[in-house]
Amino acid sequence: MIGGGIFAVLGLSLQLAGTAAPVAFLLAGLVALATSYSYAKLSIRYPSEGGTIEYIVRAFGRGILAGGLNIMLLTSYIVMIALYAYAFGSYAASLFGEAVLLRHVFIALAIAIFTFLNALGAVVTGRVEDALVFFKLAILVVVAGAGLGFVEWGRFSPSQWPSLVNIVAGGMIIFLAYEGFELIANAAADVEDPRVLPRAFFAAVLVVTAIYVMVALVAAGTLSPEEVMRARDYALAEAAKPALGELGFGIVVAAALASTSSAINATLYGTARISYMVAKYGQLPASVGRRIWRQAPEGLAIISLLSLVLAEAASLEAISTAGSAGFLLIFTAVNVAALRLRREARVNPLVAGAGALATVMALALLIYRTATLDPRQVTVFILLLAGSFTVEYVYRVLTGREIAEYIDYKLHLREENIRNWATWVPRIVAVIVRRFHDAKVYLVGSVARGELHRAHDVDVLVVTSRTPRTRREAEEEARRIREEAGLTPQHPLHIHFARPGEEKRWLEHSRRWHYLYTSKEDKGTPSQ
């Protein structure tokens, strides 16, 4: 989540929210946190590389609404690439005296380099990305920690704050800096234990919110309004000067260049290509490999060209407004999707409803305040929104393409395997009996209760005196059982181990169960 956004939009938030910028960042974080609940629940129930658009299709069907929102998601990623490129150009040009011409040159250079790399199929490796994340995090923590000693705390008196509308707008115009937590959903299918997903979503949002609030505190407490206006496009580097001097300025610029360039590459390689493939084919290809742009080279060219035009022609306000408004709209759709799928995904309607209300209000306030200050800054968002649904409609008419029932074919296989559990679970039982001679095997959970619409896996309980001693041993044993039974990753199986004394508690918790295997002396106990 800590990408190029905070480097790009900190100055905008300071302009709007003034010394209430920390409050503005906190409000934006709370909106993101409410939405992360919906993502966590949906990603457990529908683990798919399609992520956001998969949930929208599950909730709203395959019509023009789902297709238009997918293209709107794609355009939002185009806006993000433009924002990252704009920030890259601004920070790079700041090393040469804020030359406007140089900023445009650096913008074009950043997009051109990573378009070329993606055309070749090259990507930044996971270890390099991890190193960049650590570097960005360390820089932000150092800047915030060192700057706290130079903060003028008297500036934060509520009497000096702007209006509530300005504070909220200041938080929502930088909402795109929180964009990123939803990408966890695209990797949900690769997570062995789905219980970690809520922790991943919530931890990501909470940690980033805390860091952003600290950074906003330092920037608002050390920079005067005149300094913010002069260095708006690279305000974070300017905020490092009071504590760290020119060295701090240079270090933050280096972090900004690394952050924004890696963000451009990650967006082109990851989320943008997924949305484009869905827009073109109606679903993801069977193999989403590193050379997927070879299947749609025009997509890479279109996305890069549109990003370049937007970054070179639009103002930072227009880009930020379009990006934040775009993601607030998409997140509203996801929160409403969680409400519609509350039974299947076991969603608390109050939490998802609060998330939907928060995103709608934030979107309305952002558009209202921006339109009041300068109506032209809302134009980009309106054009992108109208264009998204127009393109979807025209493309459907011309090609006959429809959105598939499942964006990710692996999710389709997974759902089929849950419905047809009786055809493959006996293989599991046979392996368990060979490995645990005293085992009693039960079918428990949602499948045993006949709640297939709510099941995200098939739960099998193994009662044996030889239970694995640790969680890691249990996971390794389950992996061996899967391998011996010849299961694929699309066979959603969760094996639970229990000792004989724990059997009754497990079965009472499940409420209904079925014997899959038991020794002869226990045959008389009925299934429930």
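This is a predicted model: local features need pLDDT of at least 70, side-chain atom pairs count only at pLDDT 80 or more; totals for chains, interfaces and linings use all residues.
Select the loop between helix H22 (503–510) and strand S4 (514–517); Arg511 lies in this loop. Arg511 is not a glycine, yet its phi is positive, at about 75 degrees. For context, most residues other than glycine have a negative phi. Colour by accessibility next: Arg511 has 53% relative accessibility and therefore counts as exposed, the cut-off being over 50%.

Next, go to the loop between helix H15 (342–345) and helix H16 (349–373), where Arg346 is found. Here too the residue is other than glycine and phi is positive, near 55 degrees for Arg346. Is Arg346 buried, partly exposed or exposed? Its relative accessibility is 35%, so Arg346 counts as partly exposed.

The handedness of the H5 and H11 crossing is right-handed.

To see the contact itself, show side chains on both helices. Which residues of H5 meet H11? On the H5 side, select Ala110, Phe114, Thr115 and Asn118. On the H11 side, select Ser261, Ile264, Asn265, Leu268 and Tyr269. Coloured by class, the contact of H5 with H11 shows five nonpolar and four polar residues, with no charged ones.

Notes. Residues are numbered from 1 along each chain as its sequence is written. Side-chain values use heavy atoms; hydrogens and water are left out. A crossing is left-handed if the near helix is turned anticlockwise from the far one by less than a right angle, and right-handed if clockwise. Helices (H or I, at least four residues) and strands (E, at least two) are DSSP runs, numbered from the N terminus. Contact means heavy atoms within 4.5 Å. Ala, Val, Leu, Ile, Met, Phe, Trp, Tyr, Cys and Pro count as nonpolar, Asp, Glu, Lys and Arg as charged, and the others, Gly among them, as polar. Buried means under 20% relative accessible area, exposed over 50%, partly exposed in between (1.4 Å probe, protein chains only).
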